[in-house]
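The following account leads the reader through one structure, with the sequence and the coordinates at hand.

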Amino acid sequence: MFFIVSFAACLINTFLMTGNSSAVNSILDQLSALGHKKVVFCNDPDTGLKAIIAIHDTTLGPALGGTRMWSYATENEALQDVLRLSRSMTYKAAITGLNLGGGKAVIIGDSRKGKSEAMMRSYGRFIQNLNGEYITAEDLGTTTKDMEYISMETKHVTGVPESIGGMGDPSPTTAKGVYLGIKACVKEVFGTDILAGRSVVVQGIGNVGEQLVELLRKDNVEVFISDINEEKLAEVARKYKAKPVSADKIFGLDADIYAPCALGATVNERTIPKMKFAIIAGSANNQLADEQANGQLLLEKNILFAPDYLINAGGLINCYSELTGFGKKRTMQLTENIYEATRNVIRLSKTDNIPTILAANRIAEQRIIDIKKIKSSF
Ligand code: NAD
């Protein structure tokens, strides 16, 4: 049995059952504060699917964002994650110049054992019911194979395998964008964007991290790597002659650049004081635990932060290309724009003496405001 519950309706039910008006206010206030348009809960007991789809803003186009499958400890934790991630997608599409809105989805469960074809196809039907307002893609815990199952029920999916007409795994394009973001920051700090002789610590050597290590090593960068997967750590160290470091050593390391490519919120009030890095630039989403406070602290410490949603936009560009039918050449051109876009953010940050994340937000918000005006005037 399928049913979609709009977020407001779900909360009103909670209110009617418990009489707890403060719960209604606090969560709806959160949605208002973050500017979300719609949140949809998906529940299918037959396949075990429990998912939340968050649509943040669709001014620029349909909301596109990946589906993350994760063993969240609570439903509220899943909700918080999807709200934060979907908002970042709005900013990512806007600053990258794509005609897309921001959305994201989470499936609650263990991706290693809780998945099935039926679950993914059931999820695909929920997406289909949104009539193209939300388009999905892969993310942590989901694969191109999952996208293929979803595509059996809806056309509103990207990141399907190349063998069936998709653009395949977006990670190499993401890594390329991160690499270019690093170069733009190095140019700012060291006066040249030649990377040879610089040192980078890559935290998380998964799909994106490993590709980034490869690109950096080709440029003769000294690369330190860290991962909770010991086997992968040893393999990547051997393959690229990178130097493994333990998790507790990362933040005090004497390296030029810290590239977070695992989880978010690793840049926070506890880690920043330990840092000697000149630059933070990586692929992980939402690297700053608190945009305002941590962004300001980095500015004061003279650590240049490359806004994550800008330099990790390669994956989104890849998905956009799949939707629009752009080829590999156009995809690469759009990805290469990340270098200049990062330079623009740094310029605004310096001119107005504001953290780079706030400069990026300002550029993204301005594009949304400008396009909204055009749309409403015709
Ligand atoms: P992945 O799952 O392939 O790799 C993540 C790696 O991080 C794994 O090897 C994992 O073992 C490791 N890891 C997890 N916790 C860690 C910890 N505490 N310390 C060190 N390592 C840890 O994921 P991915 O596709 O490479 O994505 C990496 C990050 O980049 C994610 O935050 C993702 O949301 C973001 N991102 C990815 C893409 C993409 O195209 N894949 C696009 C945009 C953003």
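**A contact in a loop, and the ligand site**

The side chains of Thr59 and Asp57 make a polar contact at 2.7 Å; a polar contact is a pair of N or O atoms within 3.5 Å, where within protein one atom must be able to donate a hydrogen and the other to accept it, and residues adjacent in sequence count only if both atoms are side-chain atoms. The model is a predicted one, in which local features need pLDDT of at least 70 and side-chain atom pairs count only at pLDDT 80 or more, while totals for chains, interfaces and linings use all residues. Residues are numbered from 1 along each chain as its sequence is written, and side-chain values use heavy atoms, with hydrogens and water left out.

Thr59 belongs to the loop between strand E3 (49-57) and strand E4 (63-64); helices (H or I, at least four residues) and strands (E, at least two) are DSSP runs numbered from the N terminus. Thr59 counts as buried because its relative accessibility is 12%, where buried means under 20% relative accessible area, exposed over 50%, and partly exposed in between (1.4 Å probe, protein chains only).

Which residues lie closest to the ligand? The ligand is surrounded by 22 residues, and the closest are Thr174, Val208, Asp227, Ala262 and Ser283; a residue is counted here if one of its heavy atoms lies within 4 Å of the ligand. Two of these side chains also place polar atoms by ligand oxygen atoms: that of Asp227 at 2.6 Å, and that of Ser283 at 2.9 Å. An N or O atom in the side chain of Ser171 is 3.2 Å from a nitrogen atom of the ligand. On its own the ligand has 830 Å² of accessible area, of which the protein covers 78%; such areas come from the Shrake-Rupley method with a 1.4 Å probe, and for residues only the protein chains shown count as cover. Helix H6 (171-190) and helix H7 (207-218) are the elements that give two or more residues to the shell.

**The parallel sheet**

An open sheet is formed by 6 strands in the order E10-E9-E8-E11-E12-E13, with parallel pairing; two strands pair if DSSP finds at least two bridges between them. At the edges are strand E10 (243-244) and strand E13 (304-305), each of which pairs on one side only.

Strand E8 (residues 199-203) and E9 run parallel and are joined by 5 bridges, and Gln203 has Ser226 in E9 as its bridge partner. Strand E9 (residues 222-226) is largely enclosed by the rest of the structure, because 4 of its 5 residues are buried. Further along, 2 bridges join strand E11 (residues 257-260) to strand E12 (residues 279-280), and Tyr258 stands opposite Ile280 in E12.

**Two asparagines in loops**

Asn131 lies in the loop between helix H4 (117-129) and strand E7 (134-135). Its phi is near 55°, a positive value in a residue other than glycine, and at 64% relative accessibility Asn131 counts as exposed. Asn353 is found in the loop between helix H12 (328-352) and helix H13 (356-377). The phi of Asn353 is near 50°, also a positive value, and Asn353 is exposed, with a relative accessible area of 57%.
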